Amino acid sequence: MGTVQIRDVRKSFGTFEVLHGVSIDIEDGEFVALVGPSGCGKSTLLRMIAGLEDITAGEIVIGDRVVNDVAPKDRDIAMVFQNYALYPHKNVRDNMGFALRQRRVSKREITERVEEAARILGLEPLLDRKPRQLSGGQRQRVAMGRAIVRNPNVFLFDEPLSNLDAKLRVQMRSEIKELHQRLKTTTIYVTHDQIEAMTLADRVVVMNGGVIEQVGAPLDLYDRPASLFVAAFIGSPPMNFFEGDFVDPTTFALADGTRLKLPVPDPKGRRHGTIGVRPEHFTLEQSGWPATVSVVEPTGSETQITARLAGRSIRVLIRGRTATRPGEAIHLGVEPELIHFFDAAPVPALAEMEDVA
């Protein structure tokens, strides 16, 4: 069984605590992504599951066995690293079969497993090449193939696409998802890229400061963020936020006195709070929230608009094309079910969430 249970796991380096009691249950065959900004603890947690970091407190259970004191090689896991970690002097065939030879698996079985993995990953023509003769995407496939031949209970991915260019990352995302659908092996995938997490995972674990902010299906996090942090982190371009006072249930006053009419009252009846609207949920209307266009960025299938509303910069995403021009006054509308309400708190700075972990 490829179940993984993380029970109140803590990690400290000296007096500095990195993980503050993390608990997650991962089902057999599930694809779970750990996502968050630099320093949130996601890579540390993955290394603890792999046995590469000691556990300060708590338990990690793989299958029906507590593995806190089990050596990495005996945990029945396979890890794919960010830097590929290939032997430069060995060809693809030998890189993929190396771990099996260390386990003294028969030559015939090694050949069968390597050739099957090569067929799955499209590496058959490359088996006799050295890593220096491969592209970045091909090297990553070899690293994945080396994990596949071990037939583990759990795959661990540590930011495997970070070193690839944007186009290749999109291609490799699709290949990793197709691979999981084929093998159905439990997979834990660490990334700082929320698009990767959203497109790949069955469930996403959003981490911040060594704790879990929210766990859920990708669209649940997008539709119903539980905190300002999750709302700011999930979604691209990021959500727009406005802090102010509720003058009445459907009137929201900003600090400069601008009043925004709300399509629906705050269900918690706050006196002071923050409202959020995703750029793609704004619509251009004849009347509504007043804004002035600063920049128009057409991309063909959509148009991104940067505008000023009550002295702050906001983002508006229009599906398709628009005749809107810089300097033009516009009015914005939003559907009742697409507006979010939060307690008043500092909105996380985007720069803090865009760095790699």
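Asp220 is partly exposed in this predicted model, with a relative accessibility of 33%. Asp220 forms a salt bridge with Arg224, and the closest N and O atoms of the pair are 2.5 Å apart. Arg224 is exposed, its relative accessible area being 51%. Side chains of opposite charge can pair when their charged atoms come close.

**Salt bridges**

The structure holds 18 salt bridges in total.

| Pair | N to O distance |
|---|---|
| Asp220 and Arg224 | 2.5 Å |
| Asp266 and Arg270 | 2.8 Å |
| Lys11 and Glu53 | 3.7 Å |

The bridge between Lys11 and Glu53 spans 3.7 Å, N to O. Lys11 belongs to strand E1 (residues 4-13), whereas Glu53 sits in the loop between helix H1 (42-50) and strand E4 (57-62), so the pair ties together parts that are 42 residues apart in sequence. Lys11 is buried, with a relative accessible area of 7%. Salt bridges also link Asp8, Arg10 and Glu17 in a network.

**Domains and their interface**

The domain assignment divides the protein chain into domain 1 (4-229) and domain 2 (240-343). Taken over C-alpha atoms, the centres of domain 1 and domain 2 are separated by 39 Å. Contact between them involves six residues of domain 1 and eight residues of domain 2.

The size of an interface is often given as the accessible area lost when the parts come together. Between domain 1 and domain 2 the buried area is about 550 Å², and carbon and sulfur atoms give 61% of it. On the side of domain 1, the residues that lose the most area to domain 2 are Tyr222, Pro225 and Leu228, which together account for 87% of what that side buries.

What polar and charged pairing exists between domain 1 and domain 2? The count of salt bridges between the two domains is zero, while three residue pairs are in polar contact, both residues of each pair being at pLDDT 80 or more. Helix H7 (residues 218-223) supplies the largest share of the side of domain 1 that touches domain 2, namely three residues. By class, this side of domain 1 has four nonpolar residues, one polar residue and one charged residue.

Within domain 1, whose bounds are 4-229, helix H2 covers residues 92-102 and has Val92, Asn95, Met96, Gly97, Ala99 and Leu100 buried. An α-helix has 3.6 residues a turn, so residues three or four places apart point the same way. The buried residues of H2 pack against helix H3 (107-121) and helix H4 (136-148). Just after H2, Arg104 adopts a positive phi of about 60°.

Where is Asn91 found? Asn91 occupies the loop between strand E6 (77-80) and H2. At the start of H2, a side-chain oxygen of Asn91 comes to within 3.2 Å of the backbone nitrogen of Arg93. A polar atom of the Asn91 side chain also lies 2.8 Å from the backbone nitrogen of Asp94. Asn91 is buried because its relative accessible area, 14%, is under the 20% cut-off. Leaving aside neighbours within four places in sequence, Asn91 is in contact with Leu127, Asp128, Arg129 and Lys130.

**Ile330 in strand E19**

Ile330 is found in strand E19, which comprises residues 329-334. Strand E19 falls within the bounds of domain 2 (240-343). With a relative accessibility of 6%, Ile330 counts as buried. Apart from neighbours within four places in sequence, Ile330 is in contact with Leu284, Trp289, Pro290, Ala291, Val293 and Thr324. The C-alpha atoms of Ile330 and Asp64 are separated by 60 Å, and these two residues are 266 residues apart along the chain.

Methods: Residues numbered from 1 in each chain as written. Predicted model: local features only at pLDDT ≥ 70, side-chain atom pairs only at ≥ 80, totals over all residues. Heavy atoms only, no water. Domains from an automatic or database assignment. Contact = heavy atoms within 4.5 Å. Buried area = accessible area lost by both parts, 1.4 Å probe. Salt bridge = Lys/Arg side-chain N within 4 Å of Asp/Glu carboxyl O. Polar contact = N/O pair within 3.5 Å; in protein donor to acceptor, adjacent residues only side chain to side chain. Helix = DSSP H or I, 4+ residues; strand = E, 2+ residues; numbered from the N terminus. Nonpolar A, V, L, I, M, F, W, Y, C, P; charged D, E, K, R; others polar. Buried < 20%, exposed > 50% of the residue type's maximum accessible area, 1.4 Å probe, protein only.
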